[in-house]
Amino acid sequence: MAVKKKTSAAAPPAVLSPRALGRATLERQLLLRRTVMSAEDAVRHLVGLQAQNTKPPYYQLLARLEGFEPAELAALMESRDVVRIVTLRSTVHTHTADDALTLRPLVQEARDRELRIFRKRLVGVDLDRLRDLSRTYVEQAPRTPKEIRERLLVEWPDADPQALSTAARCLLPLVQITPRGVWGRSGQVALTTAEQWLAAPSAPVPAPDGTVLRYLAAFGPASVRDMQAWAGLTRLREVFERLRPRLVTFRDENGVELFDLPDAPRPAEDTPAPPRFLPEFDNVLLGHADRTRVIPPPLKGRNGVGNQAYGSVLVDGFLAAIWRLEPGGGGAPTAVTVQELRPFTAAERDDVTDEAVALLSVMTKEAPDGAGDGVRFAPFIDFDR
């Protein structure tokens with residue numbers, strides 16, 4: 001009589017600790033070591049740089065690229081190879097031109113949700129007409145938000161002015177034109193459409209599959225909720241299920257299923273992670289619903305107070321301090337102040353000082369006199385107030 005072979009159950013997915021997840025994400029975020037890569041390729045690989053303010057994209061690349069100089073990204077801004085546009089999480093990001101034309105349509109769903117919040121303040125406003133009027137107006141010449149509001153109030157004088165300009169931003173892919181965002185220059189926000197600025201049509205709304213794979217390449221391993229938090233989108237579960245045969249899965253310590261690319265790097269937990277100075281709102285801090293891979297639970301919310309955010313210092317791969325530049329008489333930074341969120345060892349303080357000196361040397365074009373003279377360790381935020 002033939003003996004039936006027993007079929008063994010599939011092994012359960014491996015469990016990844018916050019440290020293991022952090023090392024994987026830091027590797028893909030180019031934060032375990034500075035990488036030899038062009039600024040444009042880095043912006044593309046990272047699927048954009050958070051850019052609510054004008055200088056953070058430069059700090060993000062300085063933390064990631066070997067030999068990065070701000071002039072490289074500034075040149076890409078002026079040549080229109082990268083642009084500033086509202087995309088992920090309804091916030092301004094610096095994207096490559098191609099991503100500006102494809103990601104913006106992909107996240108339009110989130111802009112539509114945002115617009116619904118303002119709909120009660122737009123009673124009687126024909127949104128199709130508002131979109132057409134706004135497009136014509138900003139494509140005739142770049143316009144400031146104030147100019148857009150004033151033009152739309154001519155048509156709808158009883159509408160809420162802020163809601164009108166928000167509607168234009170939600171309905172159209174508006175880019176902030178240069179010199180806004182160019183290193184060493186200043187300029188108020190002036191807007192035109194991505195199509196006008198880039199002399200190319202926006203892409204049809206793409207399937208999200210490719211963006212899911214790019215997200216995992218830059219932020220994985222990650223859960224469905226993680227990507228939804230990063231993109232500001234909903235209902236992505238079916239996309240991950242469709243891609244499941246191409247992916248591998250893990251679990252975090254809470255049992256949440258995590259997806260990843262089979263060949264993506266997942267360094268050992270004890271892989272060294274040097275200190276890195278990140279600007280406010282760096283996407284490595286915002287790219288997941290569960291941020292414990294880079295922010296220890298006791299330090300949640302400690303990189304800012306209210307609406308004021310500060311730069312974050314990663315030590316051993318985790319948030320450990322906040323920082324700010326101290327301007328001199330002419331406005332140029334002359335020092336970096338670091339506020340520890342947990343006590344540093346002497347070796348950690350030395351390493352953080354070296355990294356701060358490197359930051360200053362690029363920002364000011366010269367290192368401070370005497371190693372570490374421009375670096376201060378002192379509190380500047382009272383979290384208990």
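I took helices (H or I, at least four residues) and strands (E, at least two) as DSSP runs, numbered from the N terminus.

I worked on a predicted model, so local features need pLDDT of at least 70, side-chain atom pairs count only at pLDDT 80 or more, and totals for chains, interfaces and linings use all residues. Residues are numbered from 1 along each chain as its sequence is written, and side-chain values use heavy atoms, with hydrogens and water left out.

**Entry: Q60**

I started with Q60, which sits in helix α3 (residues 56-62). Is Q60 buried or exposed? I use buried for under 20% relative accessible area, exposed for over 50%, and partly exposed for in between (1.4 Å probe, protein chains only). Q60 is buried, because its relative accessibility is 1%. I then listed its contacts (heavy atoms within 4.5 Å). Leaving out residues up to four places away in sequence, Q60 touches L49, Q50, P279, D282 and N283.

**Entry: whole chain**

I counted 15 helices and 15 strands in the protein chain. For the radius of gyration I used C-alpha atoms, and for the globule rule 2.2 Å times the number of residues to the power 0.38. The protein chain has 23 Å; a compact globule with 385 residues would have a value near 21 Å, which agrees. Along the principal axes, the C-alpha atoms fill a box of roughly 80 × 80 × 40 Å. Of the 385 residues, 52% count as buried.

I also checked sequence separation. Among contacts between residues at least 6 apart in sequence, 64% join residues at least 24 apart.

Next came the surface. Areas come from the Shrake-Rupley method with a 1.4 Å probe; for residues, only the protein chains shown count as cover. The protein chain exposes about 18100 Å², and carbon and sulfur atoms supply 51% of it.

**Entry: strand β13**

How many of the 10 residues of strand β13 are buried? I found 7, so β13 (residues 318-327) is largely enclosed by the rest of the structure. I call two strands paired if DSSP finds at least two bridges between them. Strand β12 (residues 311-315) runs antiparallel to β13, with 5 bridges joining them. V315 has F318 in β13 as its bridge partner. The hairpin of β12 and β13 has 2 residues between the strands, and there D316 takes a positive phi near 55°. On to β14 (residues 333-340): 7 bridges join this strand to β13, again antiparallel. I322 stands opposite Q339 in β14.

Which peptide bond did I find cis, with omega near 15°? The bond from T178 to P179. P179 is in the loop between β5 (174-176) and β6 (191-193). The bond from G220 to P221 is also cis, with omega near -10°. I placed P221 in the loop between α11 (209-219) and α12 (224-231).

I looked at positive phi as well. R80 is not a glycine, yet its phi is near 70°. R80 lies in the loop between α4 (70-78) and β3 (82-86). With a relative accessible area of 34%, R80 is partly exposed. A199, also not a glycine, has a positive phi of about 50°. Where is A199? I found A199 in the loop between α10 (194-198) and α11. A199 counts as exposed, because its relative accessibility is 71%.
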